[in-house]
Amino acid sequence: MFQGFPEIKEALISDAIQVGFMVAPMAVALRSQGVPIKIVYLGHRYGSAMVVRKDGPVRTAGDLRGRVIGIPSRFSDERLLAHKALARHGVSEDQVKLVEMPPADVAGGLEAGALDAFVMGEPYPAQSEMAGIGRILFYAREYWPDYMSCVVVARQDVIDRRPDAVQVLVDGLARSGLWLEEDLSHRERAADFVGRQYFHKPPALLRWSLTNPPERIEYRRLSPRKPDFDMVRDLMFELGLIDHKIEFDEYVDVRFAERAEFQTSWRLDDKS
Amino acid sequence: MRPSRRVFLGATGWLASISSLHLWLNFDWEGYRNKQMPKDRRKLIVGYIPVT
């Protein structure tokens with residue numbers, strides 16, 4: 001487990017890890033810089049939100065002019081989401097201050113007044129809501145209908161030498177996604193064991209993120225699609241995050257997702 | 001037993017027990033064993049951040 005995207009990026013480059021979950025623009029940027037990786041699947045859809053202080057003056061994205069907004073990385077979907085929302089309200093990026101922060105620090109930053117808002121993935125919006133500090137200004141889907149954030153990235157040498165292992169991983173993710181979408185009780189069950197074993201956070205927090213409402217995070221349509229990534233790539237190019245428009249098949253390998261489409265949901269008994 | 005020898009044995013015992021405890025609690029033995037395997041037989045290590 002890592003605490004920030006720069007660390008996971010370095011671990012992937014150095015082969016300390018062979019597969020990583022990271023924000024899509026970071027994966028696109030790394031590949032455009034020649035790092036031998038490929039996106040093989042999505043982690044989820046939606047799951048990010050803009051959060052402001054509960055009793056603060058910000059009521060629309062337009063009210064963010066002149067304010068400080070926390071983001072996980074300038075190479076993040078959250079940064080692109082903020083850009084889209086601000087632009088819709090006639091605010092340019094140079095009229096706000098974007099501050100990169102590790103996800104775990106944003107709720108505290110908002111409470112302390114260091115931030116006026118943050119755009120982050122769950123469970124940090126939920127954390128602010130549950131603490132009575134933050135209020136959801138908008139969910140990602142309001143400004144980005146097919147929003148995607150974290151993607152599954154594999155090293156190219158692993159894809160080449162061990163495609164079967166990558167397929168097992170992607171198949172497992174597909175089955176888990178189907179299982180989570182099948183029934184609300186599955187999300188509550190996942191909140192319990194993921195909270196304890198992997199996130200080291202209270203299960204009640206994850207339960208809030210996964211069920212309040214269920215559409216807050218979706219685990220369907222996880223195959224990488226060219227139109228989604230072309231949009232991200234084009235916006236990254238417009239913002240100067242990449243210096244050329246890298247082609248979809250240079251940074252995405254769709255074979256694993258295509259084979260995973262035949263997967264079915266996990267069948268777990270009460271003892272597992 | 002001379003006091004100096006007693007001190008030496010005590011310090012050595014302390015060092016050994018603390019080092020053993022550290023290795024037991026903090027050393028990633030599973031990761032170490034995984035690295036000793038041939039590359040094509042190692043478990044893939046998947047990194048994540050606790051955020052969507």
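Why does the radius of gyration of chain A agree with that of a compact globule? For 272 residues, such a globule would come out near 19 Å, and chain A has 18 Å, so the two agree. Keep in mind that this is a predicted model.

**Chain A overall**

Chain A holds 12 helices and 10 strands. Buried residues account for 44% of the 272 residues in chain A. Now look at the contacts in chain A with a separation of 6 or more: 76% of them link residues 24 or more positions apart.

**Where chain A meets chain B**

On the chain A side, 32 residues are in contact with 10 residues of chain B. The elements of chain A listed here each supply at least two residues of the side that touches chain B:

| Element of chain A | Residues |
|---|---|
| α1 | 5–13 |
| β1 | 19–23 |
| β7 | 117–121 |
| α6 | 156–161 |
| α7 | 163–182 |
| α8 | 184–199 |

The largest share, four residues, comes from α1(A). Sorted by class, the side of chain A that touches chain B has 19 nonpolar, nine polar and four charged residues.

There's strand pairing across the two chains as well. β1(A) pairs with strand β1 of chain B, residues 46–47, in the parallel sense over two bridges.

Note on methods: Residues numbered from 1 in each chain as written. Chains lettered and ligands numbered in written order. Predicted model: local features only at pLDDT ≥ 70, side-chain atom pairs only at ≥ 80, totals over all residues. Rg over C-alpha atoms; globule rule 2.2 N^0.38 Å. Buried ≥ 20, exposed ≤ 12 C-beta atoms within 10 Å, placed from the backbone. Contact = placed C-beta atoms within 7 Å. Nonpolar A, V, L, I, M, F, W, Y, C, P; charged D, E, K, R; others polar. Pairing = 2+ DSSP bridges.
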